[in-house]
Amino acid sequence: MSMGNTLEDRRLDALFTALSDPTRRDIVARLSAGEATVKELAEPYAMSMQAVSQHIRVLEQSGLISRGRHRQTRPCRLEPAALDAAVSWIEESRRTWSERMDRLETHLAGLQKRENP
């Protein structure tokens, strides 16, 4: 895994930043049931429309949601493919750490055998 500042790294940063906020995660979960307008998305929150719009902007910039072209409502929709990058990164990280833990266990078992023949 690289520690560079590639386009992929910046996309992952934006994705994980977007998902780091509970309101934004809730908006993503709600959009998984279908499109909604900003007004509809704002209804359950005790915050200004401007604050909800800012959350939506962050989600949009991360690629997690897109906005419809209809002039008046511009409904928000989930873009599930954007999650693929995060899922791939998590899976690759899990595999790497699992392999490292397996090697460590093998090494420790070898040390234990030498100490207690």
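This is a predicted model: local features need pLDDT of at least 70, side-chain atom pairs count only at pLDDT 80 or more; totals for chains, interfaces and linings use all residues.
Local features required pLDDT of at least 70 and side-chain atom pairs pLDDT 80 or more, whereas totals for chains, interfaces and linings use all residues. Residues are numbered from 1 along each chain as its sequence is written, and side-chain values use heavy atoms, with hydrogens and water left out.

In helix α2 (residues 22–31), T23, R24, I27, V28 and L31 are buried (under 20% relative accessible area, with exposed over 50% and partly exposed in between; 1.4 Å probe, protein chains only). Helices (H or I, at least four residues) and strands (E, at least two) are DSSP runs numbered from the N terminus. The buried residues of α2 fall within an arc of 140° when seen down the axis, and therefore line one face of the helix; the arc is that of the directions from the helix axis to the C-beta atoms.

Three salt bridges were found in the whole structure (a side-chain nitrogen of Lys or Arg within 4 Å of a carboxyl oxygen of Asp or Glu). In one of them, the closest N and O atoms of E35 and R77 are 2.7 Å apart. Because E35 lies in the loop between α2 and α3 and R77 in strand β2, this pair ties together parts that are 42 residues apart in sequence. E35 is partly exposed at 46% relative accessibility, as is R77 at 30%.

E91, R94 and R95 are linked in a network of salt bridges. The N to O distance is 2.6 Å for R94 and E91, and the closest N and O atoms of E91 and R95 are 3.6 Å apart. Within helix α5, R94 and E91 are three residues apart, while E91 and R95 are four residues apart.
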